[in-house]
Amino acid sequence: MKTRKQLYQRSGQILALAVMTIMLMVACTKEVPGSIQQNRSSAAAPSAGVAGNQSEMPAAASESLLTAFQREDQSNPQVKQESEPPEGESNHNPIETVLDMYEALQANDSTTYFRHADIPSVRMSPAKLEVLFEEAGKREVRPERFKLFDREGLDRESRQLLSLTFGSQAEIVLEELSQGDHNLWFVTAFTDGLQVVEQATIYPGAYELGREATMEELIAIEIQHTAEDRAFLAAKAKQPVWNPVQTVSLLYQAAQAEDAETFYSMSGGGEGYFSGQYARDMVEFTEWMTSFESVQHISIESVPRENMAASYREEYNERFGGAWQFIVAWDPKDEAGYQGTYWIMAPSEDGTRYVVKQTLTANLESFFK
């Protein structure tokens, strides 16, 4: 009995202590000044202040287009982790690339724009870039209006012209505008990621096809017009639309796709290094590319001449003139760091493109100082 009584007394003391503690906490809460409570609320929800000043912020800073496009249930940590690719991972989504380009335009950020886009007419004319900045600032970009066009719906000739103009792995992103109009964004992969390489607009009734013309028919004719426009631009400017690194990237694209016709054309055709039986020559690069998911997973770079051994510089100056460039595609599996393929690239006879003058896969250490 004595023991049980002690237990009851102890329990009563604990209960009383708990009640007193709760009352004290309530009292303390009531005595907290309003300003402190307000600061605590602001610290718990920092986004509230941002939302209040959203109208004063630039469009690109208020909300990322890419975030809006990929909006998921952020309460699930796993979903958030999967929706954001790991740092250093290549971008494989053409729609995301176009949205990234738009985001840069709306932020008036030319450096970021050229990271996601390289449209020759814009690159060659700064005034056109200013027009793009101005137009993007007036528009509301809706990610749900973008979709990837299935290039397999095109006829064979149009698919081949698409490859010859923009690369064997080029994709078309459709942007829905008003009244049935669409922007076409051509996107392809280079060693430093996907890039928008051309833009066009189609609308119902264009090209005298009538308003009943299919999307495939409209796009097929626009591919033809775009190819002609790019060829005219290169001839007028006496400047290739693809630089040497881009050209080599497109060669690896073609080899990976086993697209011999594009590989032969991109290498320079009859005036290039592979002017003979090109299908057999492409096999080496096709086999090499089977180890990689994309050309984005290999390093392709232009090597300055001053970094090369003098004997090779003198030889190439004598053989290829003064405009050649030394491009190297490094083997990422080579631990020593010198295994790769070099490409000697030089302007074509008409100056509208770079062609392959020589290539060799080997240990390239001897080529450098």
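Which element gives the largest share of the lining of the largest pocket? The structure is a predicted model, in which local features need pLDDT of at least 70 and side-chain atom pairs count only at pLDDT 80 or more, while totals for chains, interfaces and linings use all residues. Residues are numbered from 1 along each chain as its sequence is written, and side-chain values use heavy atoms, with hydrogens and water left out.

Elements that give two or more residues include strand S3 (182-190) and strand S4 (193-202), but the largest share, 5 residues, comes from H12. By class, the lining comprises 11 nonpolar, 4 polar and 7 charged residues.

Elsewhere, helix H13 (residues 244-256) packs with helix H14 (residues 260-267) at an angle of about 160°, their axes lying 8 Å apart. The two helices are therefore roughly antiparallel, a term for angles over 145 degrees, and their crossing is left-handed. On the H13 side, Thr-247, Leu-250, Leu-251, Ala-254 and Ala-255 meet Thr-262, Phe-263, Met-266 and Ser-267 of H14, where contact means heavy atoms within 4.5 Å. This contact has 6 nonpolar, 3 polar and no charged residues.

Conventions:
Helix = DSSP H or I, 4+ residues; strand = E, 2+ residues; numbered from the N terminus. Nonpolar A, V, L, I, M, F, W, Y, C, P; charged D, E, K, R; others polar. Axes fitted to C-alpha atoms, helices over the stretch in contact; angles between N-to-C directions. Parallel < 35°, antiparallel > 145°, perpendicular 65-115°, else oblique. Left-handed = near helix turned anticlockwise from the far one by under 90°.
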